[in-house]
Amino acid sequence: EDGHLNIESDGHVTTKGFPSRENNIGTGATTIPSVFGATGDATGEMIGLINTPGGGGGAHPQLTVGKMYYLDHDPGWTATNATDETEGAGDMLAIALNTNASDSGGAMLLRGLVRINNGAYTGVASIGGRVYMDVTTAGYMTFTKPEATGNIIRVVGHCVVKDGNDVLINFNPANDFGEVA
């Protein structure tokens, strides 16, 4: 915002006076703030430097807004799946903030608040509820803890607002995971 960044005479940049309530979501937790107007609207740590081939083919198909991906070794973003540990269990996770069908990659949220509609999660959302990697649909999040033998349990965030079928998620993936015995 204007007045918060200063370029000093020696060339370095300083910050000052940022409002303490920029991301205030209120206490009712039943209405998503207008700044999060659509799926994929987010605030937090983002990255956009990894190219991901798009178009729906190959090892790294198109990114879809609101879906969760892990950074694969190629490098590229691949949709998560909690069926076994090779599909994002211990990897860096991110949520796509745009649908990308080109080769230029996409904006990805590493940590922060993000609006997700029910087209990218399963289970019953609840305020404060844990969000996990889904076992049924690649790239989905779920409010249902995986329970089948071999499934991965990795908490990726918590629901902070539920507004109908849309949710505001505090996306903050745990660095560890467990496997159901």
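Residues are numbered from 1 along each chain as its sequence is written, and side-chain values use heavy atoms, with hydrogens and water left out.

Next, colour by pLDDT, the predictor's confidence in each residue, from 0 to 100. The protein averages 82, and 75% of the residues score at least 70. Confidence is highest in S9, at a mean of 98, and lowest in S2, at 61. Select residues 18-23: pLDDT stays under 50 here, and the model has 6 contacts beyond four places in sequence for this stretch, a contact being heavy atoms within 4.5 Å. Where pLDDT is low, the predicted coordinates should not be read in detail.

Now select Val-114, Ile-116, Met-141, Val-156, Ile-169 and Phe-171. Of the 23 residues in the largest nonpolar core, these touch the most other members. Such a core is a set of buried Ala, Val, Leu, Ile, Met, Phe, Trp, Tyr and Cys residues joined through side-chain atoms within 4.5 Å; buried means under 20% relative accessible area, exposed over 50%, and partly exposed in between (1.4 Å probe, protein chains only). Strands that each supply at least two residues of this core include S7 (108-116), S12 (155-163) and S13 (166-171). Apart from this core lies another, of 8 residues, among them Tyr-69, Ala-94, Ala-96 and Met-108.

Stay on Val-156. Leaving aside neighbours within four places in sequence, its contacts include Met-68, Leu-93, Val-131, Met-141 and Phe-171.

Select Tyr-121 and Phe-143 next. Rings of Phe, Tyr and Trp (its six-membered ring) pair if their centres lie within 6.5 Å; planes under 30 degrees apart count as stacked, over 60 as edge-to-face and the rest as tilted. By this rule there is 1 aromatic pair. The ring centres of Tyr-121 and Phe-143 are 5.4 Å apart and their planes stand at 85 degrees, so the pair is edge-to-face. Tyr-121 is in strand S8 (residues 121-122), and Phe-143 is in the loop between strands S10 (141-142) and S11 (152-153). Both residues are buried.

Finish at Gly-37, in the loop between strand S2 (13-15) and strand S3 (42-47). Gly-37 counts as partly exposed because its relative accessibility is 49%.

Notes: This is a predicted model: local features need pLDDT of at least 70, side-chain atom pairs count only at pLDDT 80 or more; totals for chains, interfaces and linings use all residues. Helices (H or I, at least four residues) and strands (E, at least two) are DSSP runs, numbered from the N terminus.
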